[in-house]
Amino acid sequence: MSAVARIAMEEEPTVLHVRRRADFVETQAVKDMTEGALSYLAAGFPVHFRGPAGTGKTTLALHVANQLGQPVMFIVGDEEFATSDLIGGQHGYRYRKVIDRFIHSVLKYEEDAVQRWVDQRLTTACREGFTLIYDEFTRSRAEANNIFLAILEEQLLVLPSMGRNDGYIKVHPDFRAIFTSNPREYAGVHEAQDALSDRLVTFDLDYYDRETETAIIAARSGLSLEDAGRIVNVVRDFRASGEYEQTPTLRAGIMIAKVAAFRGLRARADDARFVQTCIDLLESKGVFASSRAEERRAQQRKMLLDLVQHHCQ
Amino acid sequence: MSEEIDMSAIDGQESEKMKVKGMHDIATGQNMINRSIRATRAQRLGQLARVEHEKSRLERELDKWKANKKQSEERLRVVQRRIGLLKQSLHDDPPEKREQGHRQRTWREVRLEY
């Protein structure tokens with residue numbers, strides 16, 4: 001990146017302006033959750049949405065952030081994160097050269113080079129009072145998230161002291177933080193520090209009720225509520241069976257519905273293309289590595305076909 | 001018959017030799033006549049009239065300067081009062097607002113629909 005681009009990056013941060021889609025489904029369950037989260041945020045506490053994949057944690061975080069009306073900074077947790085990836089660091093140099101010939105017979109010449117500090121998103125959010133969404137924060141190692149302890153409790157951002165004049169930054173009073181994470185047992189997830197968890201108000205999310213899932217699938221795909229309901233029933237029953245390695249979530253239902261809508265299919269068991277779509281997107285939730293994979297796959301396929309036959313008459 | 005008058009009592013300084021600072025100070029016949037106190041009464045009356053005219057002009061000029069000075073002092077008092085009020089209001093601002101004044105940043109937006 002050129003020096004000019006870096007300076008531009010420093011001078012003008014990029015923020016998210018979040019907006020709800022026209023077909024965003026806001027059932028009573030979503031409203032209640034949103035209101036609860038907003039009340040804690042208004043009181044100055046950060047909130048944490050925790051739940052399995054496909055339960056709408058990130059969407060809910062964006063929806064809550066939208067209600068706050070502030071620009072949004074979005075960070076995604078990463079195993080490779082260090083503190084500097086969150087707060088910033090020294091990048092490059094700023095050169096200054098002054099040649100003064102105001103009096104033609106006198107030459108004044110100054111030249112110096114200083115290291116440039118570049119803020120990362122967390123620092124920008126703390127300075128400017130933005131809303132920070134830290135998605136999947138437990139994907140980052142616990143020590144990288146240490147910086148949040150002082151931010152959330154003492155309202156102080158502590159920067160590395162490399163000769164900086166502003167090593168301590170008072171967090172803007174409008175700064176708000178929303179965290180999301182998967183439960184601890186998920187692969188690739190670190191255990192959150194007790195000290196950090198203690199500072200958060202945690203909402204445990206579960207899969208939505210049938211009506212909400214139906215409304216979401218219908219809105220996202222354009223299918224009728226009737227067809228969307230059939231797909232939801234197939235997915236929910238598959239989930240309830242426990243016969244999978246990856247949990248079939250709302251996403252699977254949205255994918256089936258979108259493909260069906262794209263191909264002009266109805267959710268009918270007598271439509272072979274629709275049935276094949278369901279098999280393609282749900283059968284992959286199983287495992288194929290073990291010696292019993294072929295047998296299990298056959299069983300799973302039979303179960304899926306039975307489900308489609310049952311719900312999509 | 002010209003009157004002889006002892007001019008030293010009237011203006012002793014002018015009767016001294018003038019110090020030469022430039023070309024204008026070199027004594028010439030014309031200079032000597034112009035700088036001297038006129039010997040005749042008529043000449044002295046004429047010079048007196050001119051000098052009194054100059055005096056009244058200078059007094060008018062002085063009055064104008066005094067009026068301008070008074071006006072400038074009044075405006076200075078108004079400005080100083082304004083400075084005092086602004087400093088007081090800045091001092092009374094809460095710390096967060098003080099920091100905001102230094103940061104009128106702009107940012108680029110990326111729109112995201114959820």
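Figure 1. A cavity is a set of points, on a 1 Å grid over the protein atoms alone, where a 1.4 Å probe fits but cannot get out. The volume of the largest cavity is about 50 Å³, a volume being the space filled by probe spheres set on the points, with grid points joined across faces, edges and corners. Its lining (residues with an atom within 4 Å of a point) consists of A:Phe137, A:Thr138, A:Ser140, A:Arg141, A:Ala142, A:Asn145, A:His190, A:Glu191, A:Ala192, A:Gln193 and A:Leu196. By type, four of these residues are nonpolar, five polar and two charged. Here Ala, Val, Leu, Ile, Met, Phe, Trp, Tyr, Cys and Pro count as nonpolar, Asp, Glu, Lys and Arg as charged, and the others, Gly among them, as polar.

**Figure 2. Surroundings of A:Thr138.** A:Thr138, one of the residues lining the largest cavity, lies in the loop between strand 6 (131–135) and helix 6 (147–153) of chain A. Helices (H or I, at least four residues) and strands (E, at least two) are DSSP runs, numbered from the N terminus. A:Thr138 is buried, at 5% relative accessibility; buried means under 20% relative accessible area, exposed over 50%, and partly exposed in between (1.4 Å probe, protein chains only). Apart from neighbours within four places in sequence, A:Thr138 has contacts with A:Ser181, A:Asn182, A:Gly188, A:Val189, A:His190 and A:Ala192, a contact being heavy atoms within 4.5 Å.

**Figure 3. The largest pocket.** A pocket is an open set of points with protein on both sides within 12 Å along at least five of seven lines. The largest pocket has a volume of about 650 Å³. It is lined by 29 residues, of which A:Gly56, A:Thr59, A:Arg220, A:Leu250 and A:Ile254 are the closest to its centre. Two or more lining residues come from each of helix 3 (57–68), helix 8 (210–221) and helix 10 (250–263) of chain A, and from strand 1 (108–113) of chain B. Helix 3 of chain A gives the most, five residues. The lining holds 15 nonpolar, six polar and eight charged residues.

Figure 4. A:Cys278 is buried, at 2% relative accessible area, and A:Cys312 is buried at 1%.

**Figure 5. Salt bridges in both chains.** Over all chains there are 24 salt bridges, each a side-chain nitrogen of Lys or Arg within 4 Å of a carboxyl oxygen of Asp or Glu. A:Arg266 and A:Asp227 form one, at 2.6 Å from N to O. This pair links distant parts of the chain, 39 residues apart: A:Arg266 is in the loop between helix 10 and helix 11 (272–283) of chain A, and A:Asp227 is in helix 9 (residues 225–241) of chain A. A:Arg266 is partly exposed at 39% relative accessibility, whereas A:Asp227 is buried at 2%. In chain B, B:Lys69 pairs with B:Glu73, the closest N and O atoms being 3.5 Å apart. The two residues are four apart in helix 2 (residues 41–92) of chain B, so about one helical turn separates them.

**Notes.** Residues are numbered from 1 along each chain as its sequence is written, and chains are lettered from A and ligands numbered from 1 in the order in which they are written. In this predicted model local features need pLDDT of at least 70, side-chain atom pairs count only at pLDDT 80 or more, and totals for chains, interfaces and linings use all residues, while side-chain values use heavy atoms, with hydrogens and water left out.
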